[in-house]
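Please load the model in your viewer and keep a selection panel open.

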Amino acid sequence: MPQKHETPTIDELEKGTFPSFVKEIKRAAESSNVQDNNYAQDLLGQLELSYKEKKTHWKHGGIVGVRGYGSGVIGRYSDIPDQFPGVAHFHTVRVNQPAGFFYTTDALREICDVWDKYGSGLTNMHGSTGDIILLGTKTENLEPVFAELSSRGWDLGGSGSAVRTPSCCVGPARCEWSCYDTLELTYQITQRYQDELHRPMFPYKFKFKMAGCAVDCIASIARADMSIIGTWKGNIQIDQEEVRNYAKNGMDIQAEIVDMCPTGCMSWDGNELKINDEDCNRCMHCIAKMTKALRQGEEKGATILLGSKAPIVTGALMSWVIVPFIKLEP
């Protein structure tokens, strides 16, 4: 039987209205579906000790992985394995997510069943880069879990100094504002850069993120080395009657739309909304606020940007434009 640990300190993290990762770890520790509950039980014990001592007990014990791949597995070891043998090895496996993060329930159950068999049963859906994050397994389980995932059509994602797993918004599958097929481009880039994704060869990681429009639900402009963001050419299409309906129903168009325009290209006289499209930077704020009244221009494409990072020390660095407009068609 797994050893249960007293956890008065981290029990405090179960209180309040927000979801608690401690509660989820405890569920995994008690789950009859997880073949080895020692992972989660000892994770709770080590976490409690770390909170009391105010220091981590994870260490980097060397590089681990699966045969033929240099990425997709992140090695993690406890520096007190005798005290918490269940997390002596607690490696993370990154699994390439489908474009747009679309899953069937059968696919999710399949992933969870495999991880209950070979790991802790704990997952993170998804990491900041993308990927299904499978948290915690032993070195000897890495090849078996990879073999079983591969046999079911899954592949590992990127980690380390490699091309990271490309990710995108839901695109035209669910969103009428998508200016190009983000799902198809994500698939094509993933296939094109298989070698660079699985076998790190760069001095630093490289991320692609595809956003169908400037609302940028995938946060590409702040978190991707290459951001591909949907845009358009031509004038914003305006339905003046619908604009007046928004005003009639309580929207303060001057305050909520015109004054919020970053380039000041709009005006409202109480009856007609005017846009100087030459000054518009296509940020999508007005369109997103008045979806019935405004639509993008008819010629759709994308802007390609480079260089964003989200470093901890110096703060976010936004990407900059290298290709203002390009048609993206199959």
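**First stop: the cap of a helix**

Select Asp181, which caps the N-terminal end of H6, with a side-chain oxygen 3.2 Å from the backbone nitrogen of Leu183. This is a predicted model, in which local features need pLDDT of at least 70 and side-chain atom pairs count only at pLDDT 80 or more, while totals for chains, interfaces and linings use all residues. Residues are numbered from 1 along each chain as its sequence is written, and side-chain values use heavy atoms, with hydrogens and water left out.

**Along H6**

Helices (H or I, at least four residues) and strands (E, at least two) are DSSP runs, numbered from the N terminus. Buried means under 20% relative accessible area, exposed over 50%, and partly exposed in between (1.4 Å probe, protein chains only).

**Between domain 2 and domain 3**

Colour the chain by domain: domain 1 (8-152), domain 2 (163-232 + 299-327) and domain 3 (237-294). These bounds come from an automatic or database domain assignment. The C-alpha centres of domain 2 and domain 3 lie 28 Å apart. Six residues from domain 2 and seven residues from domain 3 make the contact, where contact means heavy atoms within 4.5 Å.

How much area is buried between domain 2 and domain 3? The value is about 640 Å², of which carbon and sulfur atoms give 77%; buried area is the accessible area (1.4 Å probe) that two parts lose on being put together, summed over both. Select Trp177, Ala214 and Trp232 in domain 2, which lose the most area to domain 3, together 78% of what that side buries.

**Last stop: Gln237**

Select Gln237 in strand E10 (residues 237-238). Gln237 is partly exposed, with a relative accessible area of 33%. Leaving aside neighbours within four places in sequence, Gln237 is in contact with Ala293, Leu294, Arg295, Gln296, Gly297 and Glu298.

How values were computed: Polar contact = N/O pair within 3.5 Å; in protein donor to acceptor, adjacent residues only side chain to side chain.
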